[in-house]
Amino acid sequence: MSTLDFIKKNKHSDELLPKLISAKEPVKEEEVYAKLIDMLKKSHTQEDIDLVQKAYLLAKSAHNDQKRRSGEPYIIHPIQVAIILTEMDMDRDTICAGILHDVVEDTDITLEQLKEQFGEEVAELVDGVTKLTQIKYTSDKVELQAENLRKMFLAMAKDLRVIIIKLADRLHNMRTLQYMPREKQIEKARETMEIYAPIAKRLGVSKVKSELDDLALLYLEPDAFYMVREDVKERMQAGELHIDEMIQEVKQCMKNADIECEVDGRVKHYFSIYKKMLMQDKGVDEIYDLFAVRVKVETIKDCYAALGAIHEDYIPIPGRFKDYIAMPKLNMYQSLHTTVISHSGQPFEVQIRTFEMHRTAEYGIAAHWKYKEGKGINDRSMSQSEEEKIAWLRRILDWQTETADNKEYLEFIKSDLDLFADQVFCFTPQGDVKMLPAGSTPIDFAYNIHSAIGNKMVGARVNDRIVNIDYKIQNGDRVEIITSQNSKGPSLDWLNIVKSGGAKTKINQWFRNVQKDDNVARGKDLVEKYLKAKGITEQGIFAPEFTDKILSRYSFKDWDSVLAAIGHGGLKEGQIINRLLDDYNKKYKKNEMTDEDVLESAAQAGSSYVEAKHRSGIIVKGIHDVAVRFSKCCSPLPGDEIVGYVTRGRGVTIHRTDCINILNMTSADRARLIDAEWDKPSSAFIDEKYEAGITIFAENKIGMLVEVSKVMSTRGVNIDKLNCVINKQNVATIEMSFKVASADELAKVIEKINALDGVIDIQRSIG
C-alpha cells in the first residue's frame, strides 16, 4: 500500500506514538541556563544579560518546589522559552517576560512586584501572556470560541510580543507533549494546528510554524506522520535525493557566474508533504519540492542574476516559477522559487533570496520589530513595512467591531487564517497588487477594495473584457469594477459565488443593516407571541440586569440587535425568553417544585434523596435509583450538556439542554428540571452505543449517497434509517439515524461528511 493510500484510510494508530517519540535524557537546569547566556552574549549587551539573570533568579525562586510532568524542575520550561525567543533575536524585555511568563499565574509573585523590579513594559507583557493562557480554546461551542478569539486578537493588537512569547511557550510545550495524557495531547495538538500554527504563519514565523505543524501532526495523525517520515527516509537512503551532490552543483554554478552566496538545502516538513499529498492527490515521488536548495545572496539584483545562472545551467520545469520578491506573500515572505531538472534527471526546487529575506522567512515580523517602546498596531510611528506586515490583524480587529454575529466572525477568522489557502495575484487598473484566495471572483475583488465598491457593483472588466460576476480570477489579471449609484445592493446569490470570508461577511452585514428595522419589528412580534402563548406575564424579566447578560453572552451592542437577530432567524425567541426567565426566577422566586415534590416523585419510584449513578451512565443529582430514560426528541449522547425532567411515577427523562422541547417549556414545566450529568466512562459501558440523528443538505449529484455511506462505513458506523428528498432547487435533504458512543464520535462523523464535495450543511437533530 502506498503512503497516499494509507493516509486516505484515515486510521488513527495511537500505538505508533511510542515508536515515534523516543525517550530523552533529563535536561539539566545548569546546562540549559548556560546555553541561554552563551546565546545572549552574541547579540545582547551586558546590561541586557544582567536583567535576564535577575529574571531567572526570581523565576527560579518562585518556581522552586514545582515540577513538570516529566519530573524536571519547572524552571527549565521558562528558560527554554527564553532560548526560543533569543533564537528569534527578540529584545531584552521580551526575553525577561518569557522567563517570567508563568510566575503571576502559578506563584505568589504579583504584577506590582514585576513592575517594581523590571519596569512596566515587562509587567505588561507578562500580564498579556497570563491573560492569553487563561483563554480556553474550544472547537464545539461557537459563542465561547468566538469570544476567546476576540480576546486573543485584542491582546495581540496591544503588543505583538505577547503572541510571540505565547508561540514560544506553545512550541516548548509541544516539544514535551509526550508526558501528557493522550486526551490532552489530542486537545493541545488540535488547538495548535487550528489556532497557533496559522497565527505563526500570518506573522511569518515559519521556523516556529513548521515545527508546530509537524508536532501537531505527530499527535493527531501518528500513522500519517510515521508513513510520510519513513517514505522520505527511504527515498533519501535509496539515493533518489542526492542532496549533497545538488548543493555542490549549485555552488559551482554560482561560482562560475561569479556570484557570492551561501548555498544550503532543506527537506520539506512532514506536515507540508502530508497536506500536499492529500490536497493534490499525489504520492511522495510526485512532489517536486520535497527537497529545495537555498541560495542566499546580498542584494535583490544578485537574486535575479542567480536565477538566470540556474536557468542557464539547468532545465526549468514550465509553470513552476514564482516571484515572491515582486509580489510578497501577506506575511511579507519574499523569495524566488523555481523547479529545475538536475543533471541526474531528478527534479528539485531552488529558492533564491537575500540574507535579509531569509531572516524574514524564518522569523517573520519578529526579525525586524524594534521594541525600544512598546508598539501596538495603532502606533503612529510605525513604518509602512511594519503596517503591511500586520494589515491582516487590523482587518480582523475591524471585523470585531463591525460584526456581532459570532458564527459569522468565526467563519471570517477561519477564512483569514486559512492555513492551506492558495492565492491568486491580480491588479487594479492603477497597477496595485491584490492577493485573494484561489477561486475568487470580481465580487471578492470589489469587497477587498472597499465595502462601498462591492455594494454598488453592477459588473466587471478583466483585462479590458466584460466578464460574468462568477468569473474565476487568474494570476496576473487586471480587474476593473463597474459601479452604479442606482445599484440596489448585493444579491443573496452572491453568497454562493464569493470565495473570501471578508466578502461573505460584508454581504451579510449589508442585508442585516438594510433589513434591520424590519427584523427588529419582526423580532418584537415573535417575542410578544411567545410570551402570550406560554402565558408569561412577568415583564420584570426585561430589566437591564437580565438583558445585559444576554447582550454579553451573545456579544450584541443593544437590545434592538437581539430583536433583529430573532427577526432574521439567528436566534430563537424561546431561547432568549427562557434565559431571561431563569435569571429572573433565580433572583426573585423559589423553585416552584418543592423538596417535598421531588421526594414524592422519588418515593413513587422507590428511591431515596441522594445523588447517585445510574446504569444508563447518568448521574442525577437529587434522586437515587430512579428510572432514567433518554428522550427521543433530541437523542442525547455522552459529552452533550444534559438536564433531567422529573415525571411523576415515570422517573427522569434526559434531554439535551438545547432541545427544542426544553427551550419552549413554560415556567411551571421548567420547575421540574433537575441537574444531570454523564458519568465518567467505565469498562462496564465502554461499548455502549446511543441513538443519534443528522440531516444533510447537499447538491443532488450522482454518487452523493455512496460517498456518505462510505464515510459511515470507514468509521465503523452502521446506518439504521435513511430518508432522502429532493427540492425544486435540486438540493437533497438526507435524514439519517445511527448509533454512536459519544458526541465526540458524532462530531468526527459530521466533520468527515462535511468535507465531501457537494455537501452544503449538516444539522444534528435537536428536537
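Reply: Helices (H or I, at least four residues) and strands (E, at least two) are DSSP runs, numbered from the N terminus. By that count the protein chain has 33 helices and 21 strands. This is a predicted model, in which local features need pLDDT of at least 70 and side-chain atom pairs count only at pLDDT 80 or more, while totals for chains, interfaces and linings use all residues. Residues are numbered from 1 along each chain as its sequence is written, and side-chain values use heavy atoms, with hydrogens and water left out.

Me: Where does Asp464 lie?

Reply: Asp464 is in the loop between β9 and β10. Its phi is near 70 degrees, a positive value in a residue other than glycine. Asp89 also has a positive phi, about 60 degrees, and is not a glycine; Asp89 sits in the loop between α5 (76–87) and α6 (92–100).

Me: Is Asp464 buried or exposed?

Reply: Buried means under 20% relative accessible area, exposed over 50%, and partly exposed in between (1.4 Å probe, protein chains only). Asp464 has 57% relative accessibility and so counts as exposed. Asp89, at 38%, is partly exposed. For the protein chain of 767 residues, buried residues make up 49%.

Me: What is Asn463 in contact with, leaving aside its neighbours within four places in sequence?

Reply: Contact means heavy atoms within 4.5 Å. With those neighbours set aside, Asn463 touches Gly476, Asp477 and Arg478. Asn463 is found in the loop between β9 (457–462) and β10 (465–467), and its relative accessibility of 42% makes it partly exposed. Phe427 is 36 residues from Asn463 in sequence, with a C-alpha to C-alpha distance of 9.7 Å. Across the protein chain, 67% of the contacts with a separation of 6 or more are between residues 24 or more positions apart.

Me: Which residues of helix α18 are buried?

Reply: In α18 (residues 355–363) the buried residues are Met357, His358, Thr360, Ala361, Glu362 and Tyr363. They pack against α5, α13 (206–220), β2 (291–297), α17 (300–313) and β6 (347–354).

Me: How many salt bridges does the structure hold?

Reply: A salt bridge is a side-chain nitrogen of Lys or Arg within 4 Å of a carboxyl oxygen of Asp or Glu. The structure holds 23 of them. In one, the closest N and O atoms of Asp48 and Arg92 are 3.5 Å apart. Asp48 lies in helix α4 (residues 46–62) and Arg92 in helix α6, so this pair ties together parts that are 44 residues apart in sequence. Asp48 is buried, at 15% relative accessible area, whereas Arg92 is partly exposed, at 25%.

Me: Where do Asp169 and Lys166 lie?

Reply: Both are in helix α11 (residues 161–175), three residues apart, about one turn of the helix.

Me: Which residues form a negative surface patch?

Reply: Patches are made of residues with over 30% relative accessible area and no salt bridge; like charges are joined within 9 Å, nonpolar side chains (Val, Leu, Ile, Met, Phe, Trp, Tyr) within 5 Å. Lys and Arg count as positive and Asp and Glu as negative, with His and the chain ends not counted. Here Asp258, Glu260, Glu262 and Glu298 form a negative surface patch. Glu262 is in strand β1 (residues 262–267) and, at 44% relative accessibility, is partly exposed.

How values were computed:
Accessible areas come from the Shrake-Rupley method with a 1.4 Å probe; for residues, only the protein chains shown count as cover. The place of a charge is taken as NZ of Lys, CZ of Arg, CG of Asp or CD of Glu.
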